[in-house]
Protein chains: 2
Amino acid sequence: MIIDCHGHYTTEPKDLHRFRREQTAAANASDKAAMPSRAALKMSDDEIKESIEHNQLKLQRERGTDLTIFSPRASGMGHHIGDESVSLEWSQICNDLIARVVSLYPKNFIGVCQLPQSPGVPPKNSIAELERCVKMGFVGCNLNPDPSGGYFNAPPMTDKWYYPFYEKMVELDVPCMIHVSGCCNPAQHTTGSYYLNADTMAVMQLILSDVFKDFPKLRFVIPHGGGAVPFHWGRYRGLAQEMKKPLLKDHLLNNVSFDTCVYHLPGIELMAKVIPVDNILFASEMLGAVKGVDPETGHNYDDTKRYVDKLSLSSSDKQKIFEGNARRVYPRLNSLLKKR
Amino acid sequence: MIIDCHGHYTTEPKDLHRFRREQTAAANASDKAAMPSRAALKMSDDEIKESIEHNQLKLQRERGTDLTIFSPRASGMGHHIGDESVSLEWSQICNDLIARVVSLYPKNFIGVCQLPQSPGVPPKNSIAELERCVKMGFVGCNLNPDPSGGYFNAPPMTDKWYYPFYEKMVELDVPCMIHVSGCCNPAQHTTGSYYLNADTMAVMQLILSDVFKDFPKLRFVIPHGGGAVPFHWGRYRGLAQEMKKPLLKDHLLNNVSFDTCVYHLPGIELMAKVIPVDNILFASEMLGAVKGVDPETGHNYDDTKRYVDKLSLSSSDKQKIFEGNARRVYPRLNSLLKKR
């Protein structure tokens, strides 16, 4: 089977956007009385079905993938909007919506949750929502290394600030994908630079630290092909060596994987050349990070399966990228699949 | 001949560091009376010669390169330290030191200047120092897109704020390398993430804008292989297409080049696959960004000439990367070389 480890619900029912607009306006005005009512949200099963069947499900069928590890729209998490209570309500709503998609299409989607992070608020405050989602059957979470939305002013992900959250991740045996949200900094573009920069920043934080000595079972997935990292793999190997760290395969790659959201064949080829096959997880980031058809290939930029298909790898190596590695990194997913 | 377009004076005389420590302390204490005296700086020609001959010059000879486009230590620019007057004095001292190196070794080095940028200060205030340096024979400048030192809170490089400076660059016919300085943000590592992130950020800013319609002759060099950009070239082509911009070769590549500071062969191979050969400038970033010998090759990580030598390109294409493109992008260098 083919597991896509990085999909977002970017075709949400309209009323969700209405709610968020009103919630944001009330948060910016600090007017708790104007907060919209969660109970008044109108999102029918039919609307959800239509939004999925004409989009993500259609593309799964067309492209030949089977299961998407599915989370709320990343750019919509907006951790910088409002305070912790705003972030919590919004996260719960978005996660509940993912749970509904999964319950409607249990063979095609499995949930990964958004966390109720907020600037300056300790990550441990996200533990309750992670636990709630895991109880609903979610298999991982998206952890934001920059709740400010573009200014990179949070402590490094290797700071002890994060440790209680990591303890819970290990206890629940769930990985996180490092994923920032929409950028509110005019210097950075959400999908064109901010996402990639956050990925690159996070990997270097991990290389600098010994966090995986403290948490040998902690697992991170770096999206968007790891940002700049595979392209600069020599730089990272050299910097680690200069800092007297172990080889990256021992220092980093027991705990870190990269997804294949790189939208051209030469990029994926480079990745397969320098990153061990055990550390590559198939993903497309569909729907919507990069739309459109590549005139050089005649296929969608984000149809990343075509690139992986073309790699000069054995079929067992490709099976790892498409399925095996995801089962290892997301053991709760593996358990669910075994029960089928 | 082989021109290295990206070298920094990272082996400066000791007294320069003493001066900067004292200047920084005085700036942080807002104690103008404690500012060290520029006239008291002790940096003899012999000391400069020794610092160059045992380092940059030795490596030029060993690696078979001829001329380095040389600028002050990038991580030392420290535009976030002190105010504009501190930045100006420091820039003048550093640039004068480059001029001395060039006057001692005119065949081996040519100058590129640091600018007296400071957070919140308009780039046009750097015009006078650029003019002064060009009069001394410098052929370009390093322009910092983030004088805050790590928080990316300056306006995009395509903002009108920069336009008077760009007008002067065009008038003087000098390019800039986009180059941030040392990072004071604990979330980012200077050479491991911050440099690359600034490169990636800048390229996306350029793609979003029409700055090259306003300045068809403006030329930017993006160091460190363009950050994440070549690895994600499909993403950038797709985003430009979605925004109804022209093809990147027309929208970006008449004005933007990438250097070869990518420290492993697979990275340089990818770059040569997706970036037209006319837009690649040979560079090593020596000395010091990544030290040490790569155990996988037995050669220094930053010996980038070896990677370019190994590319499957015609000798005329390699000549472009090693020399021809630099002569085109730095016309003042070309004029100087023609006079030899």
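Trainee: Which residue does His8(B) stand opposite in S2(B)?
Mentor: First, a word on conventions: this is a predicted model, in which local features need pLDDT of at least 70 and side-chain atom pairs count only at pLDDT 80 or more, while totals for chains, interfaces and linings use all residues. Residues are numbered from 1 along each chain as its sequence is written, chains are lettered from A and ligands numbered from 1 in the order in which they are written, and side-chain values use heavy atoms, with hydrogens and water left out. Strand S1 (residues 3-9) and strand S2 (residues 67-72) of chain B pair in the parallel sense over five bridges (strands pair if DSSP finds at least two bridges between them; strands are E runs of at least two residues and helices H or I runs of at least four, numbered from the N terminus). In S2(B), the residue opposite His8(B) is Ser71(B).

Trainee: How many residues of S1(B) are buried?
Mentor: Buried means under 20% relative accessible area, exposed over 50%, and partly exposed in between, with a 1.4 Å probe and protein chains only. S2(B) is mostly covered, with six of its six residues buried. S1(B) is largely enclosed by the rest of the structure, because its buried residues number seven of the seven.

Trainee: Which residue is the bridge partner of Phe70(B) in S3(B)?
Mentor: On one side, Phe70(B) of S2(B) stands opposite Gly7(B). S2(B) also pairs with strand S3 (residues 109-111) of chain B, in the parallel sense and over three bridges. In S3(B), the partner of Phe70(B) is Gly111(B).

Trainee: Over in chain A, which strands stand at the edges of the open sheet?
Mentor: Six strands of chain A form that sheet with parallel pairing, in the order S4-S5-S6-S7-S8-S9. Each edge strand has a single partner, so one side of each is left without a neighbour in the sheet; these are S4 (113-114) and S9 (280-281).

Trainee: And which residue of S8(A) stands opposite Phe220(A)?
Mentor: S7 (residues 220-222) and S8 (residues 256-259) of chain A pair in the parallel sense over three bridges. Phe220(A) has as its opposite number in S8(A) Val256(A).

Trainee: Which helix of chain B do the buried residues of H11(A) pack against?
Mentor: In helix H11 (residues 265-274) of chain A, the buried residues are Pro266(A), Gly267(A), Ile268(A), Leu270(A), Met271(A) and Val274(A). Within chain A they pack against H9 (233-242), S8, S9 and H12 (304-310), and from chain B against helix H11 (265-274).

Trainee: Which residues is Gly137(A) in contact with, leaving aside its neighbours within four places in sequence?
Mentor: Gly137(A) lies in the loop between helix H5 (127-135) and strand S5 (141-143) of chain A. It is partly exposed, at a relative accessible area of 27%. Contact means heavy atoms within 4.5 Å. Beyond those neighbours, Gly137(A) is in contact with Ile110(A) and Leu336(A).

Trainee: To finish, what radius of gyration does chain A have?
Mentor: Chain A has 14 helices and 11 strands, and its C-alpha trace spans about 55 × 45 × 45 Å along the principal axes. The radius is taken over C-alpha atoms, and the globule rule is 2.2 Å times the number of residues to the power 0.38. For 340 residues a compact globule would come near 20 Å, which agrees with the value for chain A, 19 Å.
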